[in-house]
Amino acid sequence: MMLTTTALHQISLGLFGLMTPVFGAAAIRRGGRVGKLANVAMIAGVVLLVVTIYARGLEVDHAPFQTLYEVYLVLAVSLAFSYLLIWVSGGLDILRRAGPALVHAFGAFTSVAIVVVLALGLRVGDFQSDLPPALQSPWFVPHVIVYLFGYGSLGLAMVASILYLVGQRTSRLSDEALQTLDVFTHRIIAMGFPFLTAGLIFGS
């Protein structure tokens, strides 16, 4: 028997909730096996969220990008997928110059952001709604997906900015580390902006 969207959503929330202290432990230990475990868990989290969105599509019998609940689900997977995209493309190497602890601290903050988004999704409820005629267009799906990946990228830029402010206020990060984090944040914004531009074009 296939699990319901709500059940899969709750499992995803639990997984990312557990992921946060794993990334935190990796930051304290400066990587190692714990860091690899955290990244594997992030991949598993993305797969689980994709399955959740697929199950939601089967429940509502249309692309599950309409209600606020569905938007929260897609935003959560876009945050996690954007993290993996930055990791695979070598973007995290910028942070690694300032030490592996900063890389895993960024992963921990990202996990917290995903937990907050998933929790908000559960709070609004998984009510269903038919697609209105205005959204029954072949442009609807690419418009929403591209936009939300833009939001996911800029969401990670916000996460990096929060990490910057925390490091600055607590004096836990050196000036060099803060400068590295600033460059990293700018790179993420540069990655997310084209997604927003494409989403605007598709929507129009």
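Q: In which helix is the place of arginine 56?
A: In this predicted model, arginine 56 can be assigned to an element of the chain. That element is helix 2.

Q: Is arginine 56 buried or exposed?
A: A residue counts as buried when its relative accessible area is under 20%. Arginine 56 has 1% relative accessibility, and therefore it counts as buried.

Q: Which residues is arginine 56 in contact with, leaving aside its neighbours within four places in sequence?
A: Some of these contacts carry numbers below that of arginine 56 and others carry numbers above it, as Thr5 and Gln128 illustrate. With the neighbours within four places left aside, the list is Thr5, Pro64, Thr67, Tyr69, Glu70, Asp126, Phe127 and Gln128.

Q: Is glutamate 59 buried, partly exposed or exposed?
A: Glutamate 59 is also found in helix 2, which covers residues 32-60, and it touches Thr4, Thr5 and Gln128 when residues up to four places away in sequence are not counted. Because glutamate 59 has 33% relative accessibility, it counts as partly exposed.

Q: What distance separates the C-alpha atoms of glutamate 59 and serine 82?
A: Glutamate 59 and serine 82 are 23 residues apart along the chain. Their C-alpha atoms are separated by 26 Å.

Q: How far apart are the end C-alpha atoms of helix 2?
A: Helix 2 has 29 residues, which at 1.5 Å a residue should span 42 Å. Just after this helix, aspartate 61 takes a positive phi of about 65 degrees.

**Histidine 9**

Q: Is histidine 9 buried or exposed?
A: Histidine 9 is found in helix 1, residues 5-29, and beyond its neighbours within four places in sequence it is in contact with Thr52, Tyr69, Leu73, Leu118, Gly121 and Leu122. Its relative accessibility is 0%, so histidine 9 counts as buried.

Q: What kind of aromatic pair do phenylalanine 106 and phenylalanine 184 form?
A: The whole structure holds 6 aromatic pairs. In this one the ring centres are 5.0 Å apart and the planes stand at 90 degrees, and planes over 60 degrees apart give the class asked for. The pair is edge-to-face.

Q: How many residues apart in sequence are the parts that this pair ties together?
A: Phenylalanine 106 is buried at a relative accessible area of 0%, and phenylalanine 184 counts as buried at 2%. Because phenylalanine 106 lies in helix 5 and phenylalanine 184 in helix 7, the pair ties together parts whose separation in sequence is 78 residues.

Q: Which residues form one aromatic cluster?
A: Not counting residues up to four places away in sequence, phenylalanine 106 touches a set of residues that includes Tyr83 and Phe184. Those two residues and phenylalanine 106 belong to the cluster along with Phe23. The cluster is formed by Phe23, Tyr83, Phe106 and Phe184.

Q: How far apart are the end C-alpha atoms of helix 6?
A: Helix 6 covers residues 140-170, and at 1.5 Å a residue its 31 residues should span 45 Å. The end C-alpha atoms agree with this, being apart by 45 Å.

Q: Is serine 171 buried or exposed?
A: Serine 171 follows helix 6 and is found in the loop between helix 6 and helix 7. Its phi is positive, about 60 degrees, although it is not a glycine. Since its relative accessibility is 60%, serine 171 counts as exposed.

Q: Which helix gives the largest share of the lining of the largest pocket?
A: The largest pocket holds about 310 Å³ of space and is lined by 15 residues, of which Ala101, Leu102, Ala105, Arg172 and Leu173 lie nearest its centre. Helix 1, helix 5 and helix 6 each give two or more residues to the lining. The largest share, 4 residues, comes from helix 6.

Methods. Residues are numbered from 1 along each chain as its sequence is written. This is a predicted model: local features need pLDDT of at least 70, side-chain atom pairs count only at pLDDT 80 or more; totals for chains, interfaces and linings use all residues. Side-chain values use heavy atoms; hydrogens and water are left out. Buried means under 20% relative accessible area, exposed over 50%, partly exposed in between (1.4 Å probe, protein chains only). Contact means heavy atoms within 4.5 Å. The expected span of a helix is 1.5 Å times one less than its number of residues. Rings of Phe, Tyr and Trp (its six-membered ring) pair if their centres lie within 6.5 Å; planes under 30 degrees apart count as stacked, over 60 as edge-to-face and the rest as tilted. On a 1 Å grid over the protein atoms alone, a cavity is a set of points where a 1.4 Å probe fits but cannot get out, and a pocket is an open set with protein on both sides within 12 Å along at least five of seven lines; lining residues have an atom within 4 Å of a point. Grid points are joined across faces, edges and corners, and a volume is the space filled by probe spheres set on the points.
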